[in-house]
Amino acid sequence: MATGKGTGGRKASKKSAKKVAKKSAKKATKKSTKKSVAKKSTAKKSAAKASAAKRAPVRKPTPRKPVRKSAARKVPPGKVAARSPARASVAARAPGVVVKGVTGPRFAEILSHEALAFVADLHRRFDARRRDLLARRVERQKRFDAGELPDFLPETRAVRDGDWTVSPIPADLQDRRVEITGPVDRKMIVNALNSGAKVFMADFEDASSPTFANMVEGQINLKDRWAGKIDFVDSASGKAYRLKADPAVLMVRPRGWHLPEAHVEVDGRAVAGALFDFGLYAFHNAKAQVAQGATPAFYLPKMESHLEARLWNDVFDRAEERLGLKPGTFKATVLIETLPAAFEMDEIVHELRTHMAGLNCGRWDYIFSFIKRLRGHADKLTPDRGAMVMGRDFLGAYSDLLIKTCHRRGAFAMGGMAAQIPVKGDSAANEAAFAKVRADKEREAKAGHDGTWVAHPDLVPVAMEVFDRVMPGKNQLANARVDVSVSRDDLLKVHPGARTEAGLREDIRVGVQYIEAWLRGRGAVPLYNLMEDAATAEISRTQIWQWIRHRATLDDGREVTPALFRATLEDEMAKLATTLGPAFRDGRFETAIELFSKMSLSPVCEEFLTLPAYPLLDRA
């Protein structure tokens, strides 16, 4: 192999060097002559200009690639403006920060030098800890898969047994009897704030598909809320949307620790979605909120340990310091929606005690986590999703423990989601749905919850009537629930119920349709008279995975096998194609079916479907 390092190579190199030197000398002479002529021709110019011209570096213009033109896209109702179809990858002015993604009007306002520098600071200080905590989840799961079961931590017994309470909770968060949740599009924000609910949780997580446009436009919309500029007219319908004089309290849910924001990198690494969402919102709005007498409050999702809560607390402390806010200004309600977190509720509240406002029963994600974390245990097979109701077995135990834990510490205990939506054109079905909501809210209010969630504005008065009747005061902190005693076995008790073909088919229909909508940028999807979010699809695919993995038997005696799943999936999708027609052919069902099938049949139960699905958003 010739390397040029031998004797012959050195001689050839010397000859080449001499030729290059001669050519360089000739070029230098020509350049010198040209400069001399140029000086003579510009002798009449001022000395200052001549000197500046002499010092200025000569640069060749960089040729620009032609921009491909595409057809104009219609602005969806409630969107800020049409986005440019051209994909940009630009270095932000903040050192070390690179913004990648689809540019749009007002994006620069949100992704400003100062805002990105703020996010970058949080990333550099906390991202390594975040990644370490995610690695700890993986290691703990290995122990669960090997036969270990979750339990209360012996090393934190002193925290559970200690007599301590959280810092005082601000006045605007004292009455949270009905909260409405939804994505961060402009129309949703205005309607939710005007719904009559006490609180609106603007959701960057499970109710939003994390396209870059959705995330940044959501920040624009929330910034406009505090700037008094959220009002708009829908270009499609001509309807005006205006904020009422007494809107709901606004809370914000950033993404969980596991999700990246791939469109923004700091020092070559993608920023965590949690730090991106929280950082931008806090930077642009916290001071404005405080000036208007409001509390910058957040819902924190999918934590699995008190160490993850400690990380959020440190993020809050740093952000308050950087923004010049009083320590403890930010308040947080933590969603207890993972099985490991249920065993560390006291510890989580303790870590965030200066910022704590309460805990929430995130029931759908909790079912998903129960299946996922106990996936290796054949004796923890779950029944159909519809059989796992609140008020009994592992869901009832964790709900009661949450109320007792919160009220003992002076924090609020929030109930779960009522996912029902109005049934149009069928008054009997609509009343039946609302009756389910009333019964669920009666249970929550009588159990001692301080408030509850609904997914649709029409359910606000239904839930409000129940809590107004059962809870005449602002909250139920006085209800200490000293009667509650919950053991590890209580938190791990599986709901009784059948596994049916109908349940398998429902998992398939709902899971695939949700993923398809998510890939198109929609995170809150009405399906079969329920408002579904990402947790629904997670339950669907993990439950099928669990049934196949442990060879579960249906109530008709058949075993759930890969072959049965494939045949049922094919049949359901054929029916769906007939029902939806062109919407099926023109949508992203092919990709959704492939992803859902792959995850259901995978030898390993994936942590989150949104992680492998996230890169597919770019091709939406």
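In the predicted model, 8 strands close into a barrel in the order 3-4-7-10-11-12-13-14, and the pairing is parallel. Strands are DSSP runs of E with at least two residues and helices are runs of H or I with at least four, both numbered from the N terminus. Two strands pair if DSSP finds at least two bridges between them. From one strand to the next, the twist averages 25 degrees. Residues are numbered from 1 along each chain as its sequence is written. Because the model is predicted, local features need pLDDT of at least 70, side-chain atom pairs count only at pLDDT 80 or more, and totals for chains, interfaces and linings use all residues, while side-chain values use heavy atoms, with hydrogens and water left out.

Within the barrel order, strand 12 (residues 356-361) pairs with strand 13 (residues 412-418) in the parallel sense over 3 bridges. Asn360 has Met414 of strand 13 as its bridge partner. Helix 6 (residues 186-193) lies across strand 3 (178-182), strand 4 (199-203) and strand 7 (249-253), and runs at about 165 degrees to strand 4. Angles run from 0 to 180 degrees between N-to-C directions, and axes are lines fitted to C-alpha atoms, for helices over the stretch in contact.

Two helix pairs were examined. Helix 4 (residues 113-145) packs against helix 8 (residues 273-291) at an angle of about 135 degrees, with the axes 9 Å apart. The two helices are therefore oblique to each other; angles under 35 degrees count as roughly parallel, over 145 as roughly antiparallel, 65 to 115 as roughly perpendicular and the rest as oblique. The crossing of helix 4 with helix 8 is right-handed, a term for the near helix being turned clockwise from the far one by less than a right angle, anticlockwise being left-handed. Helix 4 contributes Glu114, Ala115, Phe118, Val119, Leu122 and His123 to the contact, and helix 8 contributes Leu275, Phe276, Phe278, Gly279, Leu280, Phe283 and His284. Contact means heavy atoms within 4.5 Å. The residues of this contact comprise 9 nonpolar, 3 polar and 1 charged, where Ala, Val, Leu, Ile, Met, Phe, Trp, Tyr, Cys and Pro count as nonpolar, Asp, Glu, Lys and Arg as charged, and the others, Gly among them, as polar.

Helix 14 (residues 427-447) and helix 15 (residues 460-470) pack at about 30 degrees, with their axes 9 Å apart. These helices are therefore roughly parallel to each other, and their crossing is right-handed. On helix 14, Phe434, Val437, Arg438, Lys441, Glu442, Glu444, Ala445 and Lys446 meet Val462, Ala463, Val466, Phe467, Arg469 and Val470 of helix 15. The contact of helix 14 with helix 15 holds 8 nonpolar, no polar and 6 charged residues.

Gln420, in the loop between strand 13 and helix 14, is buried at 17% relative accessibility; buried means under 20% relative accessible area, exposed over 50% and partly exposed in between, with a 1.4 Å probe and protein chains only. Leaving aside residues up to four places away in sequence, Gln420 touches Ala433, Lys436, Val437, His456, Leu459, Asn529 and Leu530. Tyr528 is in the loop between strand 15 (525-527) and strand 16 (530-532). Although not a glycine, Tyr528 has a positive phi of about 55 degrees, and at 45% relative accessibility Tyr528 counts as partly exposed.
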